[in-house]
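Subject: Handover of a structure, with findings

Dear colleague,

Please find the structure below, together with its sequence.

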There are 2 protein chains.
Amino acid sequence: MLDVALLGCGGMMPIPGRFLTSLLLRLNGRFLMIDCGECTQVTLKMLGWGVKNIDCICITHVHADHISGLPGLLLTIGNSGRVEPLKMIGPKGLREVVKSLCVIAPELPFDVEIIEITDDTKDIKINDFKVNVLKGNHNILCYGYKIEVPRKGKFDVKKAKTLNIPVNYWSLLQNEETITHDGQNYTPDMVMGEERPGIKIGYMTDTRPLETMIEFFKDSDLFIGEGIYGDDEKIHKAKEYHHSTFSETATIAKNANVKKLWLTHYSPSLTEPEEYLHVAQEIFQNTELGFDGKTTIIPFPEI
Amino acid sequence: MLDVALLGCGGMMPIPGRFLTSLLLRLNGRFLMIDCGECTQVTLKMLGWGVKNIDCICITHVHADHISGLPGLLLTIGNSGRVEPLKMIGPKGLREVVKSLCVIAPELPFDVEIIEITDDTKDIKINDFKVNVLKGNHNILCYGYKIEVPRKGKFDVKKAKTLNIPVNYWSLLQNEETITHDGQNYTPDMVMGEERPGIKIGYMTDTRPLETMIEFFKDSDLFIGEGIYGDDEKIHKAKEYHHSTFSETATIAKNANVKKLWLTHYSPSLTEPEEYLHVAQEIFQNTELGFDGKTTIIPFPEI
């Protein structure tokens, strides 16, 4: 079961009721964040989930509206008593940007470990999350993120009994350890069923729509995508600044067969996203508007 | 007539309803800001005064809660179409900090001119404001600001007529220019009365109370001072972290004979400042609690 919280849904500048872009995922009490715009920690505080267990912050790109909340948040995490390292994932150059921003967060009680994305970046494991990235088409290097929660197969009690594996080893086998007992090796595959379907979340903003997104986000349980403008007539502005409109993102959602779409990263000029929701829904019915503090719980699929 | 707006009244971290520390002064359509914590521009947007005419940002010290909103605000000012240079005043080291933070605001359409305070810093003129600074007692170099609006004397029409100064020169003399007419020099002092009392605002947070504050802020129309804790029993924490309590700041306000005190820079642990207002008012009756978006208009004194 995965908790999802959209902390900020605004682009460019924070405005009343619409802070800058950030998403938070919570799984088994540990957090993964994507982007950290100004005011992120205000919604976080409102949510009441705490900050100490934020183990990883993924950055789509280093435009200010996606990272300006970072030094303040790192300080707050430091004040929460965290001492374990915190990972950050993002485009080439991220290390230098984080270092610069931390001029006002100089004495953190934990290390920040930076992973700069390369062409070989694949399947980064963060706790029980599996992170993959897709290059976008923006005016600086920008990535979308696919966060998966794989789910192991079921433990086959019958088989374990047949093989005479002592009960106290069962949980070790479930945790992918190999056991030697009475000169006999027991491996997880002997008692674990096939991997079951997990959870898949997609997040991508600040890009023109791309064919590659369709395969990458295929069948996601939730896709959080860009809605810089609702009005189709603003397509030329979306093109000029390398963003995506409601219609364009809804088309990606439809073609990728995602279960649900949340629109986010609204232009400050888009004062009433509600007026244009129907534009997206006519293309992809299961579209919802993101808003600061919007949460949902995504269960593992029933099988 | 001076407009004053407290944009953020929180210390340490921004929380719902209490953004980080910032004050804005508006005079004749031009702005001077003191401190720029995270979310400053959200209150600014709510206020609706615009951002283009922010000509100077004074920084008390470079702790994150006083400057974390800077890169975002500079970008927003840039998007407003400003091209005139913007001044910043602050402690030694400010230039380096601003440069580092601007890694995410790399292409501003205006110059940022930094004035680092030295022992000789005195009477900095920013439009019609006169800025002076006082060193505080914090755990890093920190300054309080006194912002004055001097007021010229009255133009003496009778004297100007007696001296036969042509009417079209009157406004030039009022603007402190010297006129030569028919071989005769006319200087402002010939027709301008004595300087009249102006407006004086004091702003100082993140310091232990100091004797020097009393003289420096003497007779201010408004003093905005620190209320990190309301409860006198937390004095040891205020001492440990170099801050001031409600009582301590109220004592300064009383001894400096200011007209009004606004408390600000509350600890996030001080969830209900209202509960302790009486503590300050018992020392200095004319104490008010600051809150985000609190505004007042200060007229020139009647004479």
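I begin with a pair of residues in chain A: A:V131 has A:I147, in strand 9 of chain A, as its bridge partner. Please bear in mind throughout that this is a predicted model.

The bridge between these residues belongs to a wider pairing. Strand 8 (129–135) of chain A and strand 9 (residues 143–151) of chain A run antiparallel and are joined by six bridges. Both strands take part in an open sheet of seven strands in chain A, with the order 7-8-9-12-13-14-15 and mixed pairing. At its edges stand strand 7 and strand 15 (287–289) of chain A; each has a single partner strand, so one side of each is left without a neighbour in the sheet. On average, neighbouring strands of this sheet are turned by 25° against each other, direction ignored.

Most residues other than glycine have a negative phi. A:N127 counts as partly exposed, because it has 16 C-beta neighbours inside 10 Å, and the buried class requires 20 or more. In chain B, B:D206 also has a positive phi, near 55°, and is a residue other than glycine. B:D206 lies in the loop between strand 12 (196–204) and helix 6 (211–216) of chain B. With 27 other C-beta atoms within 10 Å, B:D206 is buried.

Turning to the two chains together, chain B can be laid on chain A by a turn of 180° and a shift of 0.0 Å along the axis, with an RMSD of 0.0 Å. That is the relation of a two-fold axis. Contacts between the chains involve 25 residues of chain B and 25 residues of chain A. On the chain B side, the elements that give two or more residues are helix 1 (40–47), helix 2 (70–79) and helix 3 (94–101). By class, that side has 17 nonpolar, six polar and two charged residues. The copies meet through the same surface, because 100% of the interface residues of chain B are also interface residues in chain A.

Helix 1 of chain B also has buried residues, namely B:T40, B:Q41, B:V42, B:T43 and B:L44. They pack against strand 1 (2–8), strand 2 (22–27) and helix 2 of chain B. Just after this helix, B:G48 takes a positive phi of about 75°.

Yours sincerely

How values were computed
Residues numbered from 1 in each chain as written. Chains lettered and ligands numbered in written order. Predicted model: local features only at pLDDT ≥ 70, side-chain atom pairs only at ≥ 80, totals over all residues. Contact = placed C-beta atoms within 7 Å. Helix = DSSP H or I, 4+ residues; strand = E, 2+ residues; numbered from the N terminus. Nonpolar A, V, L, I, M, F, W, Y, C, P; charged D, E, K, R; others polar. Least-squares fit on C-alpha atoms with pLDDT ≥ 70 in both. Buried ≥ 20, exposed ≤ 12 C-beta atoms within 10 Å, placed from the backbone. Pairing = 2+ DSSP bridges. Axes fitted to C-alpha atoms, helices over the stretch in contact; angles between N-to-C directions.
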